[in-house]
Amino acid sequence: MDLSVDEDFQSFVAGRQRSLLRAAWLLTGDWATAEDLVQTALVRAWPHWERIGGSRGLDGREGAEAYVRRIMVNKALDWRRRRWRGEVPTAEVPDAPGPPGLARETHLVLVRALHTLPARQRAVIVLRYFEDLSEADTAAAMDCTVGTVKTHASRALASLRRHPQLSELRLQRSTS
């Protein structure tokens, strides 16, 4: 590969790494696993960069980002299927920066609720609402139909609405 392809890939990584890491963390719930997931996705995308990346790719940067996100979702689902089930969750989440404007407690409740969802429903919520992808882009990233995305989103949102801690948050906000 020539130097311009290398520079283009480095530019993509520098510009999108934070967003990819945030999405990976929401998919996995663990910073170390999220970093591994982003790294794995980038390693898998690199050999195909001339075809998918930057201005030389078929769809430009959007296509490259969609390609990397699809790798991330597929790997996260693969890892979840193979994950050792003997882990014991802890009451304390390690110090991690939360989204701006959210109180730490609210952020922790949202993250805990998100991780009660099945993997594919969580992936839809992360891609649709945290990453602000369209239904079509989410379907492409997950290799499914738009109808499947809508079904997973509907079920996930219904489940989140029933989550007791989220209900308490809604009540607290309405009374204050």
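Helix 6 against helix 8 went first: I have them as roughly perpendicular to each other, a label that covers angles of 65 to 115 degrees. The axes of helix 6 (residues 119-130) and helix 8 (residues 146-162) cross at roughly 100° and come within 9 Å. Axes here are lines fitted to C-alpha atoms over the stretch in contact, with angles running from 0 to 180 degrees between N-to-C directions.

Caveats for myself: this is a predicted model, so local features need pLDDT of at least 70 and side-chain atom pairs count only at pLDDT 80 or more, while totals for chains, interfaces and linings use all residues. Numbering starts from 1 along each chain as its sequence is written, and side-chain values use heavy atoms, with hydrogens and water left out.

Next I listed who touches whom (contact: heavy atoms within 4.5 Å). From helix 6, Arg 120, Gln 121, Val 124, Ile 125, Arg 128 and Tyr 129 meet Val 149, His 152, Ala 153, Arg 155, Ala 156 and Leu 157 of helix 8. I sorted these residues into seven nonpolar, two polar and three charged. The classes: Ala, Val, Leu, Ile, Met, Phe, Trp, Tyr, Cys and Pro are nonpolar, Asp, Glu, Lys and Arg are charged, and the others, Gly among them, are polar.

Of the 176 residues, 39% are buried, where buried means under 20% relative accessible area, exposed over 50% and partly exposed in between (1.4 Å probe, protein chains only).

Then salt bridges, taken as a side-chain nitrogen of Lys or Arg within 4 Å of a carboxyl oxygen of Asp or Glu. I count six. Which residues are linked in a network of salt bridges? They are Arg 16, Arg 22, Glu 65, Arg 69 and Glu 131.

Glu 65 and Arg 69 meet at 2.5 Å, N to O; being four residues apart in helix 4 (residues 60-82), they are separated by about one helical turn. Glu 65 is buried at 16%, and Arg 69 is buried at 3%.

Arg 69 also bridges to Glu 131, closest N and O atoms 2.8 Å apart. That pair spans 62 residues, from helix 4 to the loop between helix 6 and helix 7.

Arg 22 bridges to Glu 131 as well, at 3.3 Å. Here the partners are 109 residues apart, with Arg 22 in helix 1 (residues 3-28). Arg 22 is partly exposed at 38%, whereas Glu 131 is buried at 10%.

Definitions and conventions
Helices (H or I, at least four residues) and strands (E, at least two) are DSSP runs, numbered from the N terminus. Angles under 35 degrees count as roughly parallel, over 145 as roughly antiparallel, 65 to 115 as roughly perpendicular and the rest as oblique.
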